[in-house]
Amino acid sequence: MAAFFSPFISKPDSVAQIMLKVLLALLPGIAMYVWYFGPAILVSLTLASITALATEAAMLKLRNRPVAPFLKDNSALLTGWLLALSIPPLAPWWLVVVGTAFCIAVAKHLYGGLGNNPFNPAMIGYAVLIISFPVQMTHWLTPHGLGTTELTFADQLAYIFSSTLPEGVKLDAITMATPLDNLKTHLHLDEHVSDILNMPIYGRLAGQGSEMVAWGFLLGGAYLLASRIISWHIPAVYLGTLFAIAGVFHLVDPAHYVTPLFHWFSGAAMIGAFFILTDPITSPTTHKGKLVFAAGAGLLTYLIRVYGGFPDGMAFATLLMNICVPLIDTYTQPPVFGKKDGVSGNKEKH
């Protein structure tokens, strides 16, 4: 007969263990990225990792905080990875370095460090880059098999570090607009959705290659849910809201609005649902609050994608909802035990 010993409550994971599991959950999406777009993304991830750790150490030194414990918690590394996965893999090296340094130094440490930042640092970095360097942020690699020319890894390295391409190769031959950006451009030309989606860059659900990257992040998100690193509230409601509003518009006018699944598997919807919006520091603490937060982010993502000036709305939707978190938490806190309708100790009689 098996013997059982107390205690039966398992020890919760440390911050470092949680962050490590989130990093591991990103690997399926990264693997799909490399398979369909080449290894350039690994260069961006390496640059972001080095910059994040170096900036974290420098800021901790300036703040007279111990360096080793905070470097080992993997939070800076995760911020760097999320930013690197949000920008074009052929981005020049300095763009990755500047963006990552800004994430850590300004968006994180100027607010007091881990646990005190009101905005998601990776999305702050992305917003700064897309506004400051819009040209460099639009050079997305064409998936394997669709471009007239494909770069070797050595060619990708040469472009990232020196902005040079092989002789006779133009940048337009190896890059393209994102599926969302291409869709918006052609809709403005009053083209029919069905005609646009017949273009070679589109696959069964969304963009060639990018839809498989989204599947990778969905798989990683399922691992986070199974591991109880995140709860279902934000991913389910965010994706559900995005699906619902996209579905309504598509049913009303299918000639000018794409299907809900296109929005799910395009852009940053999947990585946002499971890895960005679920940041425990910048999202609400209550279950009701998470539902409101996720619904607002889903609505804003769709509105920015369809009517805004940017092809994808995930970053700005996240930041706008981050602003609302204190208010959401205030109005969704459960009542204090023994207190009702503002009367402490005595419940109101009806």
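Contact here means heavy atoms within 4.5 Å, and the views below all come from a predicted model.

**View 1. Helices α3 and α8 where they meet.** Ala40, Val43 and Leu47 in α3 are in contact with Phe153, Gln156, Leu157, Ile160 and Phe161 in α8. By class, seven of the residues in this contact are nonpolar and one is polar, while none is charged. The axes of helix α3 (residues 40-62) and helix α8 (residues 153-162) come within 9 Å of each other and cross at roughly 45°. Angles under 35 degrees count as roughly parallel and 65 to 115 as roughly perpendicular, and the two helices are therefore described as oblique to each other. The crossing of α3 and α8 is right-handed.

**View 2. Helices α1 and α5 side by side.** Helix α1 (residues 15-25) packs with helix α5 (residues 75-84) at an angle of about 25°, and their axes are 9 Å apart. Because angles under 35 degrees count as roughly parallel, α1 and α5 are placed in that class. Their crossing is left-handed. From α1, the residues Met19, Val22 and Leu23 meet Ser75, Leu77, Leu78 and Trp81 of α5, and this contact divides into six nonpolar residues, one polar residue and no charged residues.

**View 3. The buried residues of helix α9.** In helix α9 (residues 179-188), the buried residues are Pro179, Leu180, Asn182, Leu183, Lys184 and His186. These buried residues pack against four helices, namely α10 (193-196), α11 (210-226), α13 (260-264) and α15 (287-307). Just after α9 comes Asp190, which takes a positive phi of about 65°.

**View 4. Asn120 in its loop.** Asn120 belongs to the loop that lies between α6 (93-108) and α7 (121-132). With a relative accessible area of 3%, Asn120 is buried, since buried means under 20% relative accessible area. When its neighbours within four places in sequence are left aside, Asn120 is in contact with Ile276, Asp279, Thr282, Thr318, Leu319 and Asn322.

**View 5. Two cysteines, Cys103 and Cys324.** Cys103 has a relative accessible area of 1% and is buried, whereas Cys324, with a relative accessible area of 29%, is partly exposed. A search of the whole structure finds zero disulfides.

Conventions:
Residues numbered from 1 in each chain as written. Predicted model: local features only at pLDDT ≥ 70, side-chain atom pairs only at ≥ 80, totals over all residues. Heavy atoms only, no water. Buried < 20%, exposed > 50% of the residue type's maximum accessible area, 1.4 Å probe, protein only. Axes fitted to C-alpha atoms, helices over the stretch in contact; angles between N-to-C directions. Parallel < 35°, antiparallel > 145°, perpendicular 65-115°, else oblique. Left-handed = near helix turned anticlockwise from the far one by under 90°. Nonpolar A, V, L, I, M, F, W, Y, C, P; charged D, E, K, R; others polar. Disulfide = S-S within 2.5 Å.
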